[in-house]
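Q: Could you walk me through this model once it is on the screen? I would like to take the ligand site and then the sheet.

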Amino acid sequence: MDIGIIGLPLSGKTALWRALTAAKDVAASFAPGARVESLPARVLDERLEVLGKIEASAKLSYVQVNVHDVTGMITGGGGAREVSAEVLGKARAFDLLVIVLRAFENDAAPHPLGSVDPARDLAEVESELILADLEIVERRIERLTAPTTRPKKEKEADDLELAIQQRVKVALEAGKPARSVELTADDLFRLRSFQYLTTKPVMVALNIAENDIGKPLPEFLKGRPAIAVAAKTEAELLELDEAERAEMAAGMGLGRPAADLAMRAALDAAGMAQFFTIGPTDAHAWLIKKNESAVSAACKIHKDIGRGFIRAEIVGCEEFVKAGGYKKLKGTSLIREEGKDYPMKDGDLMNVRFSA
Ligand SMILES: Nc1nc2c(ncn2[C@@H]2O[C@H](COP(=O)(O)OP(=O)(O)O)[C@@H](O)[C@H]2O)c(=O)[nH]1
Ligand SMILES: [Mg+2]
């Protein structure tokens, strides 16, 4: 899974990227033009620690995702817009966009729009996404309506696509994202190669000042996937050794790093979930789509386990912790037997019965 961090200049994209990936010694980039820095990051899910402790697992295997810092986005007209479109083009391949909004004051790094106003910035970034998509849809419609000598069959497919693209264009021109257009699975299939930014899941990361840690999210973020994170502080904490870090974090009222919570929130916003396999050698988290079938989840562990799937023994993470582990659960009805089509829930523990 690929997570792209986007936002206005000096919003704290690189700080958040460092907090998520534990990258050190990364210089801030002010160079014009589009650049993407990429690193893997672990989804440090507290649940896996607890589960591994209960079963005395020798090691913990977290889900890994790739996090990309997309630099150089600018708002405004003319040349700036072209740079922005190029930058955003690089974000088209990602599964989730994290929009960083600046909510901190910093005189040493003045806000490019002159004042700190995260609600305005969100509208700016979203309108850039819409404009970048509009450029693509307009170009495509131009091609689809150009005189052509294509064979009849292809012409028919073109016409079907044209009708969909025109609906997308109408929405974008009205300042609405492409995801607001009601599209069937077939429509989406016809649009798949265009990778519209405004069809992608989005999460907001409100980059707050250290003093604002623990405060509730502002009203304009209600009802949408969002987290607050003091990105710079968290990135700096990662440079300390563990004991120092814990002490500093406690002093600031930071429990678990918001970066860890951000990763789980990001999976959730992207429609993804985790299931766990817990044993003596390994407590393992696996990445799946929400409601992915048990047999498909089993394939993530090993193709042969999926192929030989007989049934899955499933227990929710909370019940497992409450009961105190597999020994206590043995023979109880808390462990459910599920078939191939069982839709997996986030936090399910799975043990697959399979024939080799
Ligand atoms: N005070 C404060 N400064 C921050 C915070 N996050 C980032 N900065 C500073 O703001 C500037 C821009 O941050 P950076 O992560 O490079 O932003 P980017 O341009 O979006 O990648 C840098 O000088 C950071 O040190 C924050 O939460 N609080
Ligand atoms: Mg940067």
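Predicted model: local features only at pLDDT ≥ 70, side-chain atom pairs only at ≥ 80, totals over all residues.

Q: Ok, which residues come nearest to ligand 1?
A: Of the 17 residues around ligand 1, the nearest are Gly12, Lys13, Thr14, Ala15 and Lys232, where near means that the C-beta atom, placed from the backbone, lies within 6 Å of the molecule. Two or more residues of the shell come from each of helix H1 (13–21) and helix H7 (231–237), with helices (H or I, at least four residues) and strands (E, at least two) being DSSP runs numbered from the N terminus.

Q: And which element gives the largest share of that shell?
A: Helix H1 does, with three residues.

Q: What about Ala230, buried or exposed?
A: Ala230 counts as buried because 28 other C-beta atoms lie within 10 Å; the cut-off for buried is 20 or more such atoms within 10 Å, with exposed at 12 or fewer and partly exposed in between, all C-beta atoms being placed from the backbone. Ala230 sits in the loop between strand S7 (226–229) and H7, and its C-alpha atom is 9.0 Å from that of Ala15, 215 residues away along the chain.

Q: Switching to the sheet, what is the strand order?
A: The order is S2-S4-S1-S5-S6-S7, in an open sheet of six strands with mixed pairing, where two strands pair if DSSP finds at least two bridges between them. Strand S2 (35–42) and S7 are the edge strands, each pairing on one side only.

Q: How do S5 and S6 pair?
A: Strand S5 (residues 96–103) and strand S6 (residues 202–208) pair in the parallel sense over seven bridges, and Leu101 has Leu206 in S6 as its bridge partner.

Q: Which strands does H4 lie across?
A: H4 lies across strand S1 (2–7), S5 and S6, and runs at about 145° to S5; axes are lines fitted to C-alpha atoms, for helices over the stretch in contact (C-beta atoms, placed from the backbone, within 7 Å), and angles run from 0 to 180 degrees between N-to-C directions.

Technical notes: Residues numbered from 1 in each chain as written. Chains lettered and ligands numbered in written order. Contact = placed C-beta atoms within 7 Å.
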